[in-house]
Amino acid sequence: MAWTKYQLFLAGLMLVTGSINTLSAKWADNFMAEGCRGSKEHSFQHPFLQAVGMFLGEFSCLAAFYLLRCRATGQSDSSVDPQQPFNPLLFLPPALCDMTGTSLMYVALNMTSASSFQMLRGAVIIFTGLFSVAFLGRRLVLSQWLGILATIAGLVVVGLADLLSKHDSQHKLSEVITGDLLIIMAQIIVAIQMVLEEKFVYKHNVHPLRAVGTEGLFGFVILSLLLVPMYYIPAGSFSGNPRGTLEDALDAFCQVGRQPLIAVALLGNISSIAFFNFAGISVTKELSATTRMVLDSLRTVVIWALSLALGWEAFHALQILGFLILLIGTALYNGLHRPLLGRLSRGRPPAEESEQERLLGGTRTPINDAS
């Protein structure tokens, strides 16, 4: 069936905004500017402040939800209201996981390339699969176990590509290794978030925009408050600001004042995450969750290609091999091979219902799939 113009628009919006989200964060990291108190020019390394911005973008989805609810008032459509009452504090544990995982990923993005960052995020499949078996009582089929094994192989190849790549003064080998490991650690936390959402949140049939916005609210408030103690906590060589603390938000604002393009990059990150969540939810509703997974894979290709074109990283053939293996792992785990085999055998493709399975039937992603 041919896609309508609206469906094409949604697919394009998801692909573009998803790519902008990672690229704008990396663009901000590449800027050099003077900080407060006459400090020398230094890189814009403020991962926790960037995470606050991302949660602000997610929080805006809550406004979109209430706008939709106002529009639906007086109409027969009740899809924007939960069918069961629920306590908003249910979102607090997954929001804390999201806050921790996102912060770790922004720290890692300072240390490694944008393409490796995006590819290594595929590790979430491994941990969500294992956690779903352990805590949700799921039984994974053979293709899902094969997908997990393929994902592990793909991660090894991508990691090997990072080890063999030429590293400049901005990304030393030790930093790249640390960044890659932090991304993997973040995926463990994201997997925990997915299990919590599946076990405690989705049974209440909460509208996705409301779920994203509520978690964004919790993350924004908590992490904003944590910026105060972070201003005083020493971080040594791990810090990217002149004061050597875990985060220096004042230094970030001074750098933005001296280099306005940083503000453009930050605004791009904030706005893109809001539109990306909306587009992803709409693609799942209007097309299928399988289509969303394919578009998310294409996003990795776009980020990799633009990073090469902008000179942010050097070409390495092993990255292509690693990406292809990760793509195979994702396809096997999420059952994307079944429609293809069905068509090849001229059988009937699996029902669309299978594409809407929960968490680890394969097509579930975190309700606020971040970046």
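Biologist: How much space lies in the second largest pocket?

Modeller: This is a predicted model, and its second largest pocket is lined by 23 residues. The volume of the second largest pocket is about 400 Å³.

Biologist: Which residues of that lining lie nearest the centre of the second largest pocket?

Modeller: Helix 2, residues 47-72, and helix 7 each supply at least two residues of the lining. Of the 23 lining residues, those nearest the centre are Q45, M111, E175, S237 and F238.

Biologist: Which helix gives the most to the lining of the second largest pocket?

Modeller: Two helices that each supply at least two lining residues are helix 2 and helix 7. E175, one of the residues nearest the pocket centre, is found in helix 7. With 3 residues, the helix that gives the most to this lining is helix 7.

Biologist: Is E175 buried, partly exposed or exposed?

Modeller: Buried means under 20% relative accessible area, and exposed means over 50%. E175 has a relative accessible area of 30%, so E175 is partly exposed.

Biologist: How far apart in space are E175 and T112, C-alpha to C-alpha?

Modeller: E175 belongs to helix 7. Along the sequence, E175 and T112 are 63 residues apart. In space, their C-alpha atoms are separated by 7.2 Å.

Biologist: Where is L62 placed, and what is its C-alpha distance to T214?

Modeller: L62 is placed in helix 2, and it counts as buried because its relative accessibility is 12%. L62 and T214 are 152 residues apart in sequence. Their C-alpha to C-alpha distance is 6.6 Å.

Biologist: Which residues make the nonpolar surface patch of about 520 Å²?

Modeller: Helix 6, residues 142-164, and helix 7, residues 173-201, each supply at least two residues of this patch. The patch is made by L160, L163, L164, L173, I177 and L181.

Biologist: What distance does helix 6 reach from its first C-alpha to its last?

Modeller: Helix 6 has 23 residues, and 33 Å is expected for it at 1.5 Å a residue. Its reach in the model is close to that expectation, at 33 Å.

Biologist: Which residues of helix 6 are buried?

Modeller: Helix 6 also supplies at least two residues to the nonpolar patch. Its buried residues are S143, Q144, G147, I148, A150, T151, G154, L155, V157, V158, A161 and D162.

Biologist: Are R258 and E34 buried, partly exposed or exposed?

Modeller: R258 has a relative accessible area of 45%. E34 has a relative accessible area of 41%.

Biologist: What is the relative accessible area of R299, which forms a salt bridge with D296?

Modeller: The closest N and O atoms of D296 and R299 are 2.7 Å apart. Both residues lie in helix 11, residues 289-309, and they are 3 residues apart, about one turn of the helix. R299 is buried, with a relative accessible area of 1%.

Biologist: How far apart are the C-alpha atoms of Y333 and L140?

Modeller: Y333 lies in helix 12, residues 317-333, and counts as buried at 2% relative accessibility. Y333 and L140 are 193 residues apart along the chain. Their C-alpha atoms are separated by 9.0 Å.

Methods
Residues numbered from 1 in each chain as written. Predicted model: local features only at pLDDT ≥ 70, side-chain atom pairs only at ≥ 80, totals over all residues. Heavy atoms only, no water. Patch = residues over 30% accessible without salt bridge, like charges linked within 9 Å, V, L, I, M, F, W, Y side chains within 5 Å. Areas by Shrake-Rupley, 256 points an atom, 1.4 Å probe, with all protein chains shown as cover. Salt bridge = Lys/Arg side-chain N within 4 Å of Asp/Glu carboxyl O. Helix = DSSP H or I, 4+ residues; strand = E, 2+ residues; numbered from the N terminus. Expected span 1.5 Å × (residues − 1). Buried < 20%, exposed > 50% of the residue type's maximum accessible area, 1.4 Å probe, protein only. 1 Å grid on protein atoms, 1.4 Å probe; cavity = no way out; pocket = protein on both sides within 12 Å on 5 of 7 lines; lining within 4 Å. Points joined across faces, edges and corners; volume = space filled by probe spheres on them.
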